[in-house]
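Colleague: Could you walk me through how the helix packing and the chain contact get their labels here?

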Amino acid sequence: ALIPLLAPSSLLQNIPESGHKYYLQFSTEDYRTGEDAGNCLATVLYPKKKSPPVVSIKCSHTKDQKEIHEEDNRIYQRIRHQSKPITGSNIPDSYGNIEPALEPVWALAVAGSSSIMWEKSTETLGYFLAQVKSVRQWIRKDNFTEFDYTVLLHEIPTQEMISCHMRLTWLPGHPLKVKHFCASESHSVDEGSGAESGSAAAPAAGKGANF
Amino acid sequence: MWLSLGIIFSLGILIPGKSSLKLQYDRDQVLHIVPETFQQVQHLQLLCSTLMLDLWKPLLPEDIRAGEDLHIRIPAPLVEEVKDTLDQHLISYRVLIPDVQKLVDQSMPREGSSHRQVSGGYVYTKYHPMEEIYQWMTQIQKKNSEVVTQHFLGKTFENREMYYLQIGQPSNKPKKIIWMDCGIHAREWISPAFCQWFVKEILQNYKTDPKISRFLQNLDLYVLPVLNIDGYIYSWEEDRLWRKSRSLYENGTCYGTDLNRNFNSSWGSVGISFNCSSDLFCGSGPESEPETKAVAQFIRSKKSDIVCYLTMHSYGQLILTPYGSTTKPPSNSEELMQVGKEAAAALTGKYGTSYKVGSTALILYNNSGSSRDWVHTIGIPLSYTFELRDMGTYGFLLPASQIQPTCEETMLAVTTIIDYVDKKYFPNGAVVLTSSSLGLSLCLSIVLTWTAL
C-alpha cells in the first residue's frame, strides 16, 4: 500500500518480501546563497536485507554548466592564490562565523562530507554537517588541491556528533575524490571508505562541486 | 567586514599618542578597490605600508591580488590625498563607507533608544553567556517592576539557580498562564536568544500595542530563559556542541542526561538510550534530574491555570505537536494543528522562512520523555515544540546576524498562539484604547461584543 507521509511530496510503499520504497519530490537550493537550484524526483528502495539502497534520481538544474564551471574556478583560484598552505579550525566558529578566507575550504567540506553522509545514511539514520573541526592543506606538485579535514557530523535521531576524518582531492571539472574514516561510539564498528567514492549517482558530485 | 571593527579598536590602542578610551573615526572612509594589474597591486601595497593604512580585506598587504576585492580604511585627513594618487594611477575605487564613525555609533546602544528603556543597552543581537543572562534578568525586573517579577524555580545539578520571569498586569481576577522555556539543549543557542528577545519585545510594546496589552491583562507569561544552565555554560566554556545536562553518572566517569528525554511521558520507551555516554541518555528514571524536577514540580503545581506550553529548540524549522512516543493523535489534534498552522503562516509572512507543522512521531522521529508530551498528558491542551532556524546549513552554529530575523519571525508565530489562547479563554476580554490604535480597538470591541451575544 502507498502511505502518504506528512513531509510534502513523499510516499512510502511497503513492498512485501522486497523492502521499503520511497518516492520523493524535493527542491534544492544553493548551499551558500540559498538560491533555488532546481527540483528533483527520486525513488529510494531500501531492501529487506541490509544492503545499500537502490536509488534513481532525476533533477532539473536552474544553473547552466558554464555558470557552474565559472564559480568552481573562482573557488579554485581563491585556494591556489594563498601564499601558504591553508589551515583552519572550528568552521563556523561558536558564533556561526566563517572567515571569508576560509569560505572556499568550508564549501569543499560541505561537498566532501555530503559524500560521507551519502554512504553512511540509512533508512533510519541521517546526517548534517555540524562543523569543520580542523582543516589542513597538502600542497601537490600537480594542479589538484588536497585537504585533510576533521568534520563533525550531526547524526539524527541519535543526536550524536560523529567525528570523521576526510581526505579530499579536487580540480574543477573533475569529480571530488573523498576518502573518509569515521569514529563512532554508539556502534562497535568504525567504518570508512576504502576506495575512492565520488559516486556519479549523487546529485552533488558527478560534475565537480557545484557551489 | 563588520567583524573588523574589533580590529580597529585594538589597533587604535596600539598607536602611541591616541587616547585609548575614545576612538574616533569621524569621516574616515572605507574604499573598495579591485586592482586590475600587477603594477596597481604594487602601488597599493606601497601606499598601504607607507601611510600605514588600515586594511580590512585582505588583512596583509602581501595578500593583495589583482582581480580580488580590496577594502581599506582611510583616515579622514588622508582621504583627498589617497584619492588623488589613485586617480593618477588610473585605479578605480568606490566608497564603501563614507563615514566609519557614523556606522560605529549606529551599532552601539545609545541614550534614548528603546533598548535602554527596557534594560539599559543590552544587545539582543548577540549571544550571551549565562553570567550576562543572570544580570539581564535582574535588570529586566528592576526596570519593569510594574509588570515583571523574577522567581526562583530550583537548582541545577551543579548547584546553580534557575529563575523564571513572570510578566503580566497585576490583577485581582484569576489569570491563565502561558509558559515558555528555552535552552533545554545546551548547544541550541538561538533558543535562549529568542527568550530574551521575546521578553524585550513584550516589555517594549505592551503599553502601545493593543494586542499585547490585552493579553497581559488576562494572561501571565512565564519565561524560563535557560533551562539547562549547566549545559549552556559548558557549551560556552568547553564544548560548543554539548547537548545534555552535566549530571554525573557511572562513578563520575560519564556526564549528562538529555533533559528532553527525562520527563514522565512514556519515559524510557522509544528514541532514547539507557547508556550514559549517549546523547539521548534519558536519566536513571523519569524526573531523575534536578532541572527536570524543578520544572515539572512547578508546572504540576500550576497546572489548572496553565493553558499553553511552549518549548524552544533548534534547528529544523518545525512546529511540533504531541506526541513523540506514538503516532496516535492527541485528543485535540485538530485544534493543535489549526493553531500551529496559523502560527507557521504568520512566521512565513515575515521573511518567507518555511516551517512544517505536525506531530513529532510523524514528521521528525520517535522519542519519549519530552517536556511537551508530558505537559499535554497532564492536561495542558496547547503544547508545542519550536525548532527554530535553520535547516542545517549552520545548524546549531547559527550566525548572530540571523538572531534578529529569526526572532522577529518567531515572535509572530508565538504571538499568534498567545492571541488564540487569549481569545479562547477570555472571549469578552477588556480592550485598551490608545490614540494610535483607536480604530483597531473599536473594530475589536465591536466584534467581541457581537460574538458575545
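Modeller: Gladly! H11(B) passes H14(B) in a right-handed crossing, the near helix being turned clockwise from the far one by less than a right angle. This is a predicted model, where local features need pLDDT of at least 70, side-chain atom pairs count only at pLDDT 80 or more, and totals for chains, interfaces and linings use all residues. Residues are numbered from 1 along each chain as its sequence is written, chains are lettered from A in the order in which they are written, and side-chain values use heavy atoms, without hydrogens and water.

Colleague: What makes H6(B) roughly parallel to H7(B)?

Modeller: Helix H6 (residues 130-143) of chain B and helix H7 (residues 190-205) of chain B pack at an angle of about 15 degrees, their axes 12 Å apart. Angles under 35 degrees count as roughly parallel, so H6(B) is called roughly parallel to H7(B).

Colleague: Which residues of H6(B) meet H7(B)?

Modeller: Ile133(B), Trp136(B) and Ile140(B) meet Cys195(B), Gln196(B), Val199(B) and Leu203(B) of H7(B); contact means heavy atoms within 4.5 Å. By class, there are six nonpolar, one polar and no charged residues.

Colleague: How many salt bridges are counted between chain B and chain A?

Modeller: The count is zero, a salt bridge being a side-chain nitrogen of Lys or Arg within 4 Å of a carboxyl oxygen of Asp or Glu. Still, the contact takes 30 residues from chain B and 27 residues from chain A. The two chains bury about 2300 Å² between them, 58% of it on carbon and sulfur atoms; that is accessible area (1.4 Å probe) lost on being put together, summed over both.

Notes:
Helices (H or I, at least four residues) and strands (E, at least two) are DSSP runs, numbered from the N terminus. Axes are lines fitted to C-alpha atoms, for helices over the stretch in contact, and angles run from 0 to 180 degrees between N-to-C directions. Angles under 35 degrees count as roughly parallel, over 145 as roughly antiparallel, 65 to 115 as roughly perpendicular and the rest as oblique. Ala, Val, Leu, Ile, Met, Phe, Trp, Tyr, Cys and Pro count as nonpolar, Asp, Glu, Lys and Arg as charged, and the others, Gly among them, as polar.
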